Amino acid sequence: MRFLCLIYTSVDVDGRLTQSEMNHLIAEHFVFDEGLRRDGALIVSDALALRDKSIVIRPDGNAFSITDGPFVETKEHLAGFYLIEAPDLDGAADIARRIPSARYGAIEIRPVRILTLRGDLAEAD
């Protein structure tokens with residue numbers, strides 16, 4: 001099964017880590033990624049730009065509004081992700097616990113629904 005591991009980092013971490021600590025964390029991710037690749041569990045992973053570089057689009061009548069964002073009242077923000085292959089949710093949790101950034105925030109694990117179109121209905125496998 002595929003699982004998306006969403007890495008949420010405390011907004012305090014962005015300004016708290018020194019450049020050396022950040023470089024060390026990034027190096028840890030590269031080592032972790034290589035291990036997952038070797039095990040055949042990694043599909044793709046990446047970090048996301050800081051939230052001040054993002055926009056949010058929302059439906060607004062027949063068009064869409066675009067705002068800088070996200071401006072959600074939270075102390076955490078989405079910082080990156082791993083798309084992994086694991087036998088079940090417990091296996092995905094075992095992998096997610098080892099994500100280096102997990103110690104700075106939270107990891108949300110979501111099973112990926114594989115959608116197919118059969119006849120007139122979309123179904124999730």
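How many helices and strands are there in the chain? There are 3 helices and 8 strands, where helices (H or I, at least four residues) and strands (E, at least two) are DSSP runs, numbered from the N terminus. Read from the N terminus on, the elements follow the order β-α-α-β-β-β-β-α-β-β-β. The model is predicted, so to speak of local features a pLDDT of at least 70 is needed, side-chain atom pairs count only at pLDDT 80 or more, and totals for chains, interfaces and linings use all residues. Residues are numbered from 1 along each chain as its sequence is written, and side-chain values use heavy atoms, with hydrogens and water left out.

Of its 125 residues, 27% are buried; buried means under 20% relative accessible area, exposed means over 50%, and partly exposed lies in between (1.4 Å probe, protein chains only). Among contacts with a separation of 6 or more, 73% are between residues 24 or more positions apart, a contact being heavy atoms within 4.5 Å.

Helix α3 spans residues 89–97, and its buried residues are Gly91, Ala92, Ala93, Ile95 and Ala96. Their cover includes β1 (2–10), α2 (19–39), β5 (76–85) and β6 (105–111). Ala92, in this helix, is buried because its relative accessible area is 0%. Beyond residues up to four places away in sequence, Ala92 touches Phe3, Ile84, Ala86 and Ile109. Ala92 and Pro111 are 19 residues apart in sequence, and their C-alpha atoms are 9.0 Å apart in space. At the start of α3, the backbone nitrogen of Asp90 has a side-chain oxygen of Asp88 within 3.2 Å.

Next come the aromatic rings. The structure holds 1 aromatic pair, made by Phe32 and Tyr82 in an edge-to-face arrangement, with 5.5 Å centre to centre and 80° between the planes. Here, rings of Phe, Tyr and Trp (its six-membered ring) pair if their centres lie within 6.5 Å; planes under 30 degrees apart count as stacked, over 60 as edge-to-face and the rest as tilted. The pair links distant parts of the chain, since Phe32 is in helix α2 and Tyr82 is in strand β5, 50 residues apart. Phe32 counts as buried because its relative accessibility is 10%, and Tyr82 is buried because its relative accessible area is 2%.

Tyr82 also has a polar partner. The side chains of His29 and Tyr82 are joined by a polar contact of 2.8 Å. A polar contact is a pair of N or O atoms within 3.5 Å; within protein, one must be able to donate a hydrogen and the other to accept it, and residues adjacent in sequence count only if both atoms are side-chain atoms. His29 lies in helix α2 and is buried because its relative accessible area is 14%. Not counting residues up to four places away in sequence, His29 touches Ile7, Tyr82, Ile99, Pro100 and Ser101. Ser45, in strand β2, is in contact with Asp33, Phe81 and Tyr82, leaving aside neighbours within four places in sequence. The side chains of Ser45 and Asp33 make a polar contact of 3.1 Å. Ser45 counts as buried because its relative accessibility is 15%.

Of the 26 residues in its lining, Ile26, His29, Ala47, Ala79 and Ser101 are the closest to the centre. On a 1 Å grid over the protein atoms alone, a pocket is an open set of points where a 1.4 Å probe fits, with protein on both sides within 12 Å along at least five of seven lines; lining residues have an atom within 4 Å of a point. The elements giving two or more residues to this lining are β1, α1 (11–16), α2, β2 (42–47) and β5. Helix α2 gives the most, with 7 residues.

Arg16, in helix α1, is exposed because its relative accessible area is 53%; leaving aside neighbours within four places in sequence, Arg16 is in contact with Glu21 and Tyr104. Gly40, in the loop between α2 and β2, counts as exposed because its relative accessibility is 54%. Gly40 and Ala86 are 46 residues apart in sequence and 9.3 Å apart in space, C-alpha to C-alpha.
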